[in-house]
Amino acid sequence: MNLAKLHVDVGLYTNHLEPMLQFWQNEVGLPFEEMLPLGGGSRQHRHAMNGSVLKINHSREPLPAAGQSGYRELFIARDGLSEHRRLVDPDGNVVTLVPRSEGWCDGIAVRLAVRDASKFHHFFGEALGLEPAGSDSYRCGDSVLLFDEVPGPHPPGNIRGIGYRYLTIQVWDCDAEYQGILARGGADGRAPVTLGTTARFGFVRDPDGNWIEISQRASLTGPLPP
């Protein structure tokens, strides 16, 4: 993929805004950047994360009882740490702060639980075209996607549901990348649409049905195509 930003963003949904903001800002130490209205009673609270963005999407309406997604753990690199620090937010999302000096995580990493490792090697390596970072991990810019094969189903359900729900990859040409991923074996999630003058984005899904947003953001790429 032709990346417009060398950092993957992480999106989660919650009904519990204040305790989540307190945790991620005060316990984890992520700086708040901005709030964006999403429509339908939802707002996105964006937090800086080593060049990536944590998107805390708050819904004022109860979120559907969707199954847990395959996104199981977020790692954030930190200077000055001597050991891993594992934390759990008010909704049960696991985040681990890791010493940047370990070398394997420069920005962030995301761990997935997957049903079939071979299918994920094909998806990450062929459909997305990412470079291997280890035996069961791939690098997207400076972000790392790693997975563990875990028996049993991992139904992601609706993209709207409590917890980590999607990743965002910023590219120069949303339509070209979206079509290319489908042509190379990725599954369709949602066809690209344009959000005003802000972004054009679509969704693909991995072999277990997890959502990945392919986004062309005007602030990174310039004016969007007509």
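The points below are grouped by topic.

This is a predicted model, in which local features need pLDDT of at least 70 and side-chain atom pairs count only at pLDDT 80 or more, while totals for chains, interfaces and linings use all residues. Residues are numbered from 1 along each chain as its sequence is written, and side-chain values use heavy atoms, with hydrogens and water left out.

**The largest pocket**
- The largest pocket has a volume of about 560 Å³, a pocket being an open set of points on a 1 Å grid over the protein atoms alone where a 1.4 Å probe fits, with protein on both sides within 12 Å along at least five of seven lines.
- Its lining (residues with an atom within 4 Å of a point) comprises 25 residues, of which Leu38, Gln44, Leu195, Phe201 and Glu213 are the closest to the centre.
- Strand E2 (32-39) is among the elements that give two or more residues to this lining, and E2 supplies the largest share, four residues; strands are DSSP runs of E, at least two residues, and helices runs of H or I, at least four, numbered from the N terminus.

**Helix H3**
- In helix H3 (residues 174-183), Cys174, Glu177, Tyr178, Gly180 and Ile181 are buried, that is, under 20% relative accessible area with a 1.4 Å probe and protein chains only.
- Seen down the axis of H3, these buried residues fall within an arc of 165° (taken from the directions from the helix axis to the C-beta atoms), so they line one face of the helix.
- Just after H3, glycine 185 takes a positive phi of about 110°.

Definitions and conventions. Grid points are joined across faces, edges and corners, and a volume is the space filled by probe spheres set on the points. Buried means under 20% relative accessible area, exposed over 50%, partly exposed in between (1.4 Å probe, protein chains only).
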